[in-house]
Amino acid sequence: MTTKETRLAAIAAEVEGLTESPLYEFRTRNNYHMVFGAGNPDAEIVLIGEAPGESEARKGLPFVGASGRVLDEFLSEAGLTRAEIYITNVVKDRPPENRDPSKAEIALYSPFLLRQLEVIQPKVVATLGRFAMDFVFDMFGMAEKGSKISKVHGQQFTAQTSFGEVTVIPLYHPAVSLYNQSQKETLREDFRALAREI
Ligand code: URA
């Protein structure tokens, strides 16, 4: 394992043993897995979603259900592969009924996301959906906090972070394209713009 892989594995092991999480018991009772993230530890682009759904919790991998299938479509149309990027979520365990993660859950899991990013040191962070966008604008203390995703999607913002200057690009959540054709087109264009960043 490379140094980055070793460091990521150590953080993942901590999340695996996060018994104080309100989602821990739900994970073990259902034989679910914690979903730490997957992809290239040297990725220039990290995609951040909200939290794993049922398919993800069953496999222990991010975006492998219906949203993952459309995400793969957008990536391939933009000429990107999962092998060159890194994909993760703000919250690493599945919330029951896919409800929004609570404030307490976000507070508990988010330090692990920051540490994960500090290891990978991406140039670009693309958020998937309003939830991840709000979270990342807030985490990096950005002036864009509170922006509407319909106004800022596909645009580039600069964040000063503990691992240097990072370009943040908010994208719609791939799942919206499952029921909204015009947003599917928007996502397609935004993913192409994202690919041009590397
Ligand atoms: N939706 C997310 O936000 N993350 C996943 O991993 C899957 C679906």
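Which strands does helix α5 (residues 103-120) lie across? Helix α5 lies across β2 (45-49), β3 (86-89) and β4 (124-128), and runs at about 165° to β3; axes here are lines fitted to C-alpha atoms, for helices over the stretch in contact, and angles run from 0 to 180 degrees between N-to-C directions. Helices (H or I, at least four residues) and strands (E, at least two) are DSSP runs, numbered from the N terminus. The model is a predicted one, in which local features need pLDDT of at least 70 and side-chain atom pairs count only at pLDDT 80 or more, while totals for chains, interfaces and linings use all residues. Residues are numbered from 1 along each chain as its sequence is written, and side-chain values use heavy atoms, with hydrogens and water left out.

The sheet itself is open and has six strands in the order β1-β3-β2-β4-β6-β5, with mixed pairing, where two strands pair if DSSP finds at least two bridges between them. Because β1 (38-39) and β5 (157-161) stand at the edges with a single partner strand each, one side of each is left without a neighbour in the sheet. The partner of β5 is β6 (residues 164-171), with which β5 pairs in the antiparallel sense over five bridges, and the two form a hairpin with two residues between them. Within this pairing, glutamine 160 stands opposite glutamate 165 in β6. Helix α8 (residues 181-195) packs on the sheet, where α8 touches β2, β4 and β6 and its direction makes about 165° with that of β6.

In a regular strand the side chains alternate between the two faces of the sheet. In β5, Phe157, Ala159 and Thr161 form the covered face, whereas Thr158 and Gln160 form the uncovered one.

The helices also pack on one another. The axes of α4 (residues 66-77) and α8 come within 8 Å and cross at roughly 45°, which makes α4 oblique to α8; angles under 35 degrees count as roughly parallel, over 145 as roughly antiparallel, 65 to 115 as roughly perpendicular and the rest as oblique. Leu71, Glu73, Phe74, Leu75 and Glu77 in α4 meet Lys184, Leu187, Arg188, Phe191 and Arg192 in α8, contact being defined as heavy atoms within 4.5 Å.

Helix α5 has helical neighbours as well. Its axis and that of α1 (residues 3-16) come within 10 Å and cross at roughly 175°, so α1 is roughly antiparallel to α5. On the α1 side the residues that meet α5 are Lys4, Arg7, Leu8, Ile11, Glu14 and Val15, and their counterparts in α5 include Tyr109, Phe112 and Arg115. With α6 (residues 130-139), α5 packs at an angle of about 70°, with the axes 12 Å apart, and α5 is therefore roughly perpendicular to α6. Here Ile106, Ser110, Leu113, Leu114 and Leu117 in α5 meet Phe131, Phe135 and Met139 in α6.

Two loop residues deserve a look at the backbone. Most residues other than glycine have a negative phi. Asparagine 98, in the loop between β3 and α5, has a positive phi of about 55° although it is not a glycine. Glutamine 121, in the loop between α5 and β4, likewise has a positive phi of about 55° without being a glycine.

Methods. Buried < 20%, exposed > 50% of the residue type's maximum accessible area, 1.4 Å probe, protein only.
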